[in-house]
Amino acid sequence: MNKGPYYLSTAIAYTSGKPHIGNTYEVVLADAICRFKRLEGYDVYFQTGTDEHGQKIQEKAEAAGITPQQFVDNVAGEIKRIWDVMNTSYDRFIRTTDPMHERKVQQIFKKLYDQGDIYKSEYEGLYCTPCESFWTESQLVDGKCPDCGGEVHPAKEEAYFFKMSKYAPRLMKHIEEHPDFIQPEARKNEMVNNFLKPGLQDLCVSRTSFTWGVPVDFDPKHVVYVWIDALSNYITFPGYEVDGNHGEQYKKYWPANVHLIGKDILRFHTIYWPILLMALDLPLPKQVFGHPWLLVGDGKMSKSKGNVIYADDLVDLFGVDAVRYYLLHEIPFASDGTLTYDLLMERINSDLANILGNLVNRTVAMSHKYSGGVLSDHAVPGEFDSELIDLCLATPGRVAAKMDQLRVADAIDEIFTLLRRANKYIDETTPWVLAKDESNHARLDTVLYNLLETIRFAAALLHPFLPDTAERICKQLNIALPDWDSLSAFGGLEAGHRLGEGEILFARIDIPKKMEEINKLLAEKAKAALPALELEPQSGEKVDFDTFCKSDFRAVKVKACEAVKKSDKLLRFTLDDGTGTDRQILSGIHKFYEPEQLVGKTLLAIVNLPPRKMMGLESCGMLLSAVHKEKGEEKLRLIMLDDAIPAGAKLC
RNA sequence: CGCGGGGUAGAGCAGUCCGGUAGCUCGUCGGGCUCAUAACCCGGAGGUCAUGUGGUUCAAAUCCCAUCCCCGCAACCA
């Protein structure tokens, strides 16, 4: 049954690097919504993709020694791969470097210019010459450039501007008349109070400071800045044409039902984008949902903190549906969620393995054991049946209601409420007791039927969230994925139907053991990320020759060497320095050498340093070593000299 | 006076808009069961809902006021 078109877009991912699990959350959320809408019978168009222009990409490509196009090709490929790893069912993966898109962006820009909404002026700001960047007063750090810390000076740059203020009252009215336009609601107030009410400034929509972008065709030293370029993807790819000869998809799907975006870019999607559409005289999207963020541990993911988690790594560890489940279920509707390995494993065990997996497993196992895996008539109703059946019939509607509000986590909860009820039903009806008495077999068959039918409902409803798992459940039931209409009545399974083989859906995880494994993996990863070899940078400071000559370097022979008591670092050397009197030197190198290795070696020492006490012992000089870092680990080797050199020989 | 979000059981959260028995999941303790992945089912303990024994009210987690604390606003960002 076709319930009409449904167009959902994600924000397009910026191709500056590999997306982490937080970036991936958005597309998984979008996927769950789209799959659910398809299940309900909507004709869904799900668009995602990449935003590939801009200064940053130009710079990164330069640094990597490749062209920007090569750079974005690589990253876009990686992003698409991760979207696929997450099993997302996008209908189209778009890229803003698509020539078709670039052509349309130029046409849109020209149209807005011709009708007077875009005008040429000057961008004034504080300019940092070495960084070639403009900054606002508020961005400065101590009045200096936040990038390089250098001086900034007021400067002007020619730029095109969009007349935002012209459309502001219309937008205000639209927001007021469409309370669902901006979700969650708290965000709406934020936008209205912070941006619309104080008055909109005209938006700078072109740049001359970099070239990796869509050129303004009538003024080629300008490139179209991100707003018009990136935002317009939502209409250009479905087939918008400036001349009104729109493509089929555009005619069918625009305006979009939902733009799903991160809460940080809400401003662009709820103010600039609607105004842009008004200027083009196009209908506005029905809803913009700014979803919360996924945090890791107690903060944002950050490469410098070393806590970045990537979706594909998690999938390797736990499987795609477990990761999808966590993302979809553990992130609240309007506030940020957190991801930790512990929490993830706890959810897998308690929800996926215990409640869902075990229910399917025990039911299918009993069916095979007691009825040879063949369904019979479910003709003997009994106590507890109606409660289970009623909940089955009520659940699809409840899930749909939550999904309409985009409350995905709550929708999943509804399904698990049903699964919990089914587990309880088993305890209430005690099939293993019924099985003991032949006269109860008809009732036993009914109980098993009710359970299997409940699982059929659950499989259908779970599919949008856990597509692989839903299919595996169906395989065990030996049925095709049930459609939405089949959930309007209890009794979809037929008598005489033969079940498939039972299979464990989610194995319980031994959390401490798995954690150990993960820590090992993380440590290896962290190590691999460190530079292979690090050398101390050379000193720029000069030392004059006379000062250098004052240092008295001598060859010394190790007569004895022992670890200093109560010190984990220090070794105590008794050295022959050629004077006839033993010289004692302490050196903090126990981490690198065992004392007995060094006895008899010829080393190099500076002997005219002032004596110094360490751990109560006097050290007269210093042994010289060569140091460097490997994979972040400090390495040290003593300077060992040819044993033919006599003790006390001076270096010069 | 920068802005915004938040403080509810050991953990994670809902409830706050629209006052009326403080709820869910996990964990924990006890019991039941044995079909099942030591799973499942039942019950208990655990909270002065950040503070002010503040205000409004018959009634406040919820509305008002004040105070304290945490988090983001630094791009590796959605």
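This is a predicted model: local features need pLDDT of at least 70, side-chain atom pairs count only at pLDDT 80 or more; totals for chains, interfaces and linings use all residues.
Residues are numbered from 1 along each chain as its sequence is written, while chains are lettered from A and ligands numbered from 1 in the order in which they are written.

Val543 is located in the loop between β17 (533-534) and α20 (545-550); helices (H or I, at least four residues) and strands (E, at least two) are DSSP runs numbered from the N terminus. Val543 counts as exposed because its relative accessibility is 58%, where exposed denotes over 50% relative accessible area, buried under 20% and partly exposed the range in between (1.4 Å probe, protein chains only). Together with Phe545 and Phe548, Val543 forms a nonpolar surface patch of about 360 Å² of accessible area.

Five of its five residues are buried, so β21 is largely enclosed by the rest of the structure. Thr602, Leu604 and Ile606 cover one side and Leu603 and Ala605 the other, and all are buried. Strand β18 (residues 553-563) pairs with β21 in the antiparallel sense over five bridges, pairing being assigned if DSSP finds at least two bridges between two strands. Within this pairing, Leu604 of β21 stands opposite Ala555. β21 also pairs antiparallel with strand β24 (residues 622-623), over two bridges, and here Ile606 stands opposite Met622.

A separate open sheet comprises three strands in the order β10-β12-β11, with antiparallel pairing. β10 (206-207) and β11 (214-215) stand at the edges with a single partner strand each, so one side of each is left without a neighbour in the sheet. Two bridges connect β11 to the antiparallel strand β12 (residues 223-224), with Pro215 opposite Val223.

Helix α14 (residues 385-404) contains 20 residues and reaches 30 Å from its first C-alpha to its last, close to the expected 28 Å, a span defined as 1.5 Å times one less than the number of residues. α14 bends by about 35° at Ala394, and Pro396 follows within four residues; the bend is the angle between axes fitted to the seven residues ending at a residue and the seven starting there. The buried residues of α14 include Leu388, Leu391, Cys392, Thr395, Pro396 and Val399. In an α-helix, residues three or four places apart point the same way because there are 3.6 residues a turn.

Notes. Side-chain values use heavy atoms; hydrogens and water are left out. Patches are made of residues with over 30% relative accessible area and no salt bridge: like charges are joined within 9 Å, nonpolar side chains (Val, Leu, Ile, Met, Phe, Trp, Tyr) within 5 Å. Accessible areas come from the Shrake-Rupley method with a 1.4 Å probe; for residues, only the protein chains shown count as cover. A salt bridge is a side-chain nitrogen of Lys or Arg within 4 Å of a carboxyl oxygen of Asp or Glu.
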